[in-house]
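Please examine the sequence and the structure shown below. The explanation that comes after is meant to be read alongside them.

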Amino acid sequence: MDLETLCSGIDLQPEMQGQVLRYYHSDDYHKVQAAARGLQSMETEAETRKELNQLFQTDAKHIKMLTCMLACAVELYPWYREKGISDTIFFETMRCFSRFIGECKQRTGEYSFDREWWTARQISGRLFRLGELEYEMLSEQGKPVVSMHIPSNAVLTPQKCDESIGLAKRFFAEHFPKFQDVDYVCDSWLLSPELPSLLPPDSNILAFQKRFQLQKADASDTAYIEWVFKTDSSRVEDYPEDSTLQRNMKAHLLSGGKIGSGQGVLIRVSGR
C-alpha cells in the first residue's frame, strides 16, 4: 500500500489528490513525518494536532494535515492485514476523508479538509465502516461498548441497517472478541424525540429510531443543522426546503420548537 493507491482507492478528489501527493514528496513533509505518527493514537492525537497546526498556520485548506493523516492510514494498512480485515473494509473506512471533503465543498463552495478532529478514530484502528454504518470501539464506565455512527451517505432502509448491524456483530466477534456481545450505543440527531411528530410513520429515520431505547435527550444540540440543512448558518430563515424533513424541521424551528439529539442503546437488531 502506498499513498497514491490509497488516494485512488478512496476516490479522493483530484483537486486535493494532486496537492496531497506534492506535499507528501516534499522536504517539508519529511521534516514532520515522525511527529505526525502521534496522530495514530487517541492518547496522543490531540496534542499532535495542536503541534502540527502551529506549523501549518498558512495552510488554509488543511492539505498538510490531510496528507499526514492519509500517510498514517497507509502505515495502518499492515495492521489491517495482520488482523485479517478485508481491503473492502479498509477502503470503505478511509473513504471518510473524501466524504468529509465533499461535504465541505457542499457547505462552503470549496474543497477543504475540516474534520481533523474526528478522523484519528479511523487511522488509529478504532472505528470501522461496515456496510452503511460506522462502528467505534469505546469504553464507558470501564466497560467496552460499540458506538454507532451514521455517515451522511448512509442508506437507512431497514434492510440496509439489518445488513450493517449483522456485519458488525460478525466483525467484532471475529476480529475483536472483547467487543462481542457488548452494548451498541448511538448519540445522534436521528434519535431526537422531536422527529416522530415531523416525519411520516413509514420514515426510514423513525424505523432506525425504533431500534433504540432512548436513555437521554439533549434539546440544545445543534448538530442537525449541518447534517440536515448542509450549512453553517444559524439563520433558520435561510435554511433550504428541498425535502420533507427540511420543510417540516424548518417550520418547527420557526415556530419556536427545538430538535436536539438523543442517546440510546440498541435493543432491536432487526428492523422487521
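The paragraphs that follow treat a pair of packed helices, then a single helix, and finally the cysteines.

The model is a predicted one. Two packed helices are described by the angle between their axes and by the distance between those axes. For helix 2 (residues 14-24) and helix 5 (residues 63-83), the axes come within 9 Å and cross at roughly 75°. Angles of 65 to 115 degrees count as roughly perpendicular, and helix 2 is therefore roughly perpendicular to helix 5. On the side of helix 2, the contact is formed by Met16, Gln19, Val20, Tyr23 and Tyr24. Helix 5 contributes Ile63, Lys64, Leu66, Thr67, Leu70 and Ala71. Sorted by class, this contact of helix 2 with helix 5 comprises eight nonpolar, two polar and one charged residues.

Helix 7 covers residues 96-108, which are 13 residues. From its first C-alpha to its last, helix 7 reaches 18 Å, close to the 18 Å expected at 1.5 Å a residue. Several of the residues in helix 7 are buried, among them Phe97, Phe100, Ile101 and Arg107. Just after helix 7, Gly109 adopts a positive phi of about 90°.

How many disulfides does a search of the whole structure find? The search finds zero. For Cys68, the nearest cysteine sulfur belongs to Cys72 and is 7.0 Å away. A disulfide requires two cysteine sulfur atoms within 2.5 Å, and Cys68 is in no disulfide. Cys68 is buried, with a relative accessible area of 1%. Cys104 is likewise in no disulfide, and the nearest cysteine sulfur, that of Cys96, is 14 Å away. With a relative accessibility of 4%, Cys104 counts as buried.

Technical notes: Residues are numbered from 1 along each chain as its sequence is written. This is a predicted model: local features need pLDDT of at least 70, side-chain atom pairs count only at pLDDT 80 or more; totals for chains, interfaces and linings use all residues. Side-chain values use heavy atoms; hydrogens and water are left out. Helices (H or I, at least four residues) and strands (E, at least two) are DSSP runs, numbered from the N terminus. The expected span of a helix is 1.5 Å times one less than its number of residues. Buried means under 20% relative accessible area, exposed over 50%, partly exposed in between (1.4 Å probe, protein chains only). Axes are lines fitted to C-alpha atoms, for helices over the stretch in contact, and angles run from 0 to 180 degrees between N-to-C directions. Angles under 35 degrees count as roughly parallel, over 145 as roughly antiparallel, 65 to 115 as roughly perpendicular and the rest as oblique. Contact means heavy atoms within 4.5 Å. Ala, Val, Leu, Ile, Met, Phe, Trp, Tyr, Cys and Pro count as nonpolar, Asp, Glu, Lys and Arg as charged, and the others, Gly among them, as polar.
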